[in-house]
Amino acid sequence: MKSLEELTRPNIWTLAPYSSARNEYAGREARVFLDANENPYNAPYNRYPDPLQLELKKQLSKIKGVPAENIFLGNGSDEAIDLPYRCFAQPGVDNVVAIEPTYGMYKVCADINDVAYRPVLLDENFQMKADDLLAACDAHTKMIWICSPNNPTGNNLNREEIERVLQQFDGLVIVDEAYADFTPQRSFRFDLPKYPNLIVLQTMSKAWGCAAIRLGMAFASKEIIDIYNKVKYPYNVNLLTQQQALEALKDPFEVDKWVKILLQERYRMMEAFAVLPICEKIYHSDANFFLAKMTDAQRIYDYLVDCGVIVRNRTKVQLCHNCLRITVGTKNENAELIAALRQYT
């Protein structure tokens, strides 16, 4: 791996971060707060939230098995996706490499930050080859994006190939594990000590059922997390989000129950799709959704919209022609989808 100073944009490396009022007295007890120009009334919403979310990170550390100093919390995973561009990729100079097809925000953030985006096509089984990703890199490639389980394909990517990229690439490797709770595969967050160039993304939006609170996580070396904290907005995670996340973390066994139900429903849904005359193929899934190749995805999608049932049409995505992406819902929601498809003519 190149040194972190080599990978970081020069202006970011030397950046003096904004010092919030709450940071300046950190570690000391305080009773009277007259430092941040807050309104003294309407507690607790009148006060700025903890800028580093220390209590929330403490609880997440227990559940995720990662030291709190190795955790960054953001306004959804989107902030954790955007920050690497802002911290490490020089606009108009550097580039990133990513698998294709995959989650669209990697490219959107690259375009916003004026960073060249180099997609590398997966094979016919939606698997990546480390050599192909590495061949797309040059001296200005700052990071490689890998999503596993991948979106929209749903499958885990070959772990050995990801490890080869981590071992051979001298820049940052970002593994997005938004759907990791639905697969028994070991999370890469446990490999942070082994790979200093590794950043792992996870979220409260999927298995934890907390998409509305917008809380994303990045796990990385303390040195990378420190750079993130220099660049992020001072109070990027609001008090309500922190409170609701802490409440959700009190009962991880409820999440385990949800995951078990969703996996059972996924199996049932895929079996039901397999016998539909309008379904040509169902792809393996390790997530809370699956990809299905249909006879005419656009026409079927439009029909479902008219029925009040919304799925995701991925037919314009590379390797996904005529494919619909189906999120696993409740038993009643899934039954309504299947009933509508059985009546399609």
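## Pocket lining

Sorted by class, the residues lining the largest pocket come out as 10 nonpolar, nine polar and nine charged. In this bookkeeping Ala, Val, Leu, Ile, Met, Phe, Trp, Tyr, Cys and Pro are nonpolar, Asp, Glu, Lys and Arg are charged, and the others, Gly among them, are polar. This is a predicted model, where local features need pLDDT of at least 70 and side-chain atom pairs count only at pLDDT 80 or more, while totals for chains, interfaces and linings use all residues. Residues are numbered from 1 along each chain as its sequence is written, and side-chain values use heavy atoms, with hydrogens and water left out.

Helix H5 (76-88) and strand E11 (323-327) each put at least two residues into the lining, with H5 giving the largest share, four residues. Helices (H or I, at least four residues) and strands (E, at least two) are DSSP runs, numbered from the N terminus.

## A cavity, and how space is found

Rolling a probe the size of a water molecule over the atoms shows where empty space is left. Here that is done on a 1 Å grid over the protein atoms alone: a cavity is a set of points where a 1.4 Å probe fits but cannot get out, a pocket is an open set with protein on both sides within 12 Å along at least five of seven lines, and lining residues have an atom within 4 Å of a point. Grid points are joined across faces, edges and corners, and a volume is the space filled by probe spheres set on the points.

One cavity of 30 Å³ or more turns up in the structure. The largest cavity holds about 50 Å³ of space, and its lining includes Ser-148, Pro-149, Glu-177, Arg-186 and Phe-188. By class, that lining has four nonpolar, five polar and two charged residues.

## The seven-stranded sheet

Seven strands make an open sheet with mixed pairing, in the order E1-E7-E6-E5-E4-E2-E3. Strand E1 (71-75) and strand E3 (116-121) are at the edges with a single partner strand each, so one side of each has no neighbour in the sheet. Ignoring direction, neighbouring strands here are turned by 25° against each other on average. Two strands count as paired if DSSP finds at least two bridges between them. Strands E5 (residues 172-176) and E6 (residues 198-203), for instance, are parallel and share four bridges; Val-173 has Leu-198 in E6 as its bridge partner.

Helix H4 (residues 54-64) packs on this sheet, touching E1, E6 and strand E7 (215-219), and its direction makes about 120° with that of E1. Helix H6 lies across E3, E4 and E5 and runs at about 155° to E3. For such angles, axes are lines fitted to C-alpha atoms (for helices over the stretch in contact), and values run from 0 to 180 degrees between N-to-C directions.

## The four-stranded sheet

A second open sheet has four strands in the order E8-E9-E11-E10, paired antiparallel. Strand E8 (279-282) and strand E10 (312-313) sit at the edges with a single partner strand each, so one side of each goes without a neighbour. E8 and strand E9 (residues 289-294) are joined by three bridges, and Ile-282 finds its bridge partner in Ala-292 of E9. Helix H12 (residues 297-306) lies across E9, E10 and E11, at about 40° to E11.

## Local details

The aromatic pair count is 10. Rings of Phe, Tyr and Trp (its six-membered ring) pair if their centres lie within 6.5 Å; planes under 30 degrees apart are stacked, over 60 edge-to-face, and the rest tilted. Tyr-106 and Trp-145 make a stacked pair, 4.6 Å centre to centre with 15° between the planes. This pair links distant parts of the chain, 39 residues apart, with Tyr-106 in H6 (residues 105-112) and Trp-145 in strand E4 (residues 141-147).

Two cis peptide bonds are worth a look: Ser-148 to Pro-149, with omega near -5°, and Asn-151 to Pro-152, with omega about 20°. Pro-149 is in the loop between E4 and helix H8 (159-168), and Pro-152 is in the loop between E4 and H8. Elsewhere, Gln-53 has a positive phi, near 50°, in a residue other than glycine. As for Asp-82, which belongs to H5, contacts (heavy atoms within 4.5 Å) beyond its neighbours within four places in sequence are with Cys-109 and Asn-113.
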